[in-house]
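Please open the structure in your viewer and keep the selection tool at hand, for this tour moves from one group of aromatic rings to another.

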Amino acid sequence: MRKTFNKLDKPLLVLTVICLVFGILMVGSASSLKAYMTFGDSYHYLKRQLLFVFAGLFLSFIVIKTPIKKYNNIIYLGVIGIIAFMAYVLVKGEVSNGIKGWLFIGGFGIQPSEFAKTVNILFLALTFEKVMKNKNASPVELTIPFIIPIIFVLMIYVQKDFGTMLVILGITAMIFFVIPYEKKNRLFIMSLVLGMLIITIPALLLSGKGLTDTQKERFNFKNPCTRYREQTGYQVCNGYIAINTGSLTGSGFGNSKQKYLYLPEAHTDFIYAIIIEETGLISGVLIILAYFLIIWRILLIGRKSYTLQGSIISYGVATYIALHVLINLGGVLGVIPLTGIPLPFYSYGGSFMLNLLICLGLVQRVCIENKIFEQKHIVR
């Protein structure tokens, strides 16, 4: 255990712990009134978030201790499992916030599409580690692995979870540019994949699988406070009020006024606004700085990786976190439409927290294997 700990990336570990602790505190504060009014227990969401974090840390520990090569034997089962679960929720799943992508078991909501992000990263990393070793691989062989993320994207599109769909598309695009293709192969694959999406998505639109009226309304996101009484402006405008109230130093921990049901999603989508209201703009800036440092450390681990799979895992996870931050904050600040994408470390949620910590565990495993390789190389 001590040898493993010594090989971890310490700055990434410290930043992860700090963000998790602060995030747990803010979920407890932001959700207290809603938890009391809904469940009669002000700490309901806080207790559940603690459970999610500890479960995620446990899974992350297992991932850190498991060599990446061992996933070669189970990644295809993971792909089949995710596709099966996403197919099941399309038929039997429940709708939450306009998205038909949830399973509720024992009072806990599970979103299979969230785990598709990690399975996508691992599948492409392990597959291209093998494929790129074949110098005579044809353009078709180099294209086939992208069928899996396309399946994920199309299934999530039908669920109407466009935020998650954008994240998986972004992760896949980043991985595509990380892979050391020859120029002619890169152009061929890009044209083929784009062609498949261009043909398929309009077909889904024509079949009635397009945007709902509520989702179309979200594109009317500019000047939200002029539409305060409308759904498209109410939440974002109250988020502005929370940020403005917080000023530089905040109104004090637990003293948010907007969490008194002015912001219906105070502990999830809009927790950043509550954080600034209670702890100030300085904290908001420090959070963004922490994200920059976390993403930089992950990219650094990917750059130092001696294997293509290590680079793909690291760059994929960095993209995953970056897209969640950009899409969430963009929606909260009224720069882009709201999509319901959670803010890493801070938003309440089980599936996302578990998946985030698993991804960070994978990055730490890449770091460990980098150092093991270096030690063997030095000994030789």
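Predicted model: local features only at pLDDT ≥ 70, side-chain atom pairs only at ≥ 80, totals over all residues.

Residues are numbered from 1 along each chain as its sequence is written, and side-chain values use heavy atoms, with hydrogens and water left out.

A search of the whole structure finds 13 aromatic pairs, where rings of Phe, Tyr and Trp (its six-membered ring) pair if their centres lie within 6.5 Å, and planes under 30 degrees apart count as stacked, over 60 as edge-to-face and the rest as tilted.

Select Tyr76 and Phe123, which form an edge-to-face pair with 6.0 Å centre to centre and 85° between the planes. Because Tyr76 belongs to helix 4 (residues 75-92) and Phe123 to helix 5 (residues 112-131), the pair ties together parts 47 residues apart in sequence; helices here are DSSP runs (H or I, at least four residues), numbered from the N terminus. Tyr76 is partly exposed at 42% relative accessibility, whereas Phe123 is buried at 6% (buried means under 20% relative accessible area, exposed over 50%, partly exposed in between, with a 1.4 Å probe and protein chains only).

Next, select Tyr291 and Tyr346, whose ring centres are 6.3 Å apart with planes at 85°, so this pair is edge-to-face. Tyr291 sits in helix 13 (residues 281-304) and Tyr346 in the loop between helix 14 (308-332) and helix 15 (350-379), so the pair ties together parts 55 residues apart in sequence. Tyr291 is buried, with a relative accessible area of 3%, and Tyr346 is buried, with 2%.

Note on methods:
Helix = DSSP H or I, 4+ residues; strand = E, 2+ residues; numbered from the N terminus.
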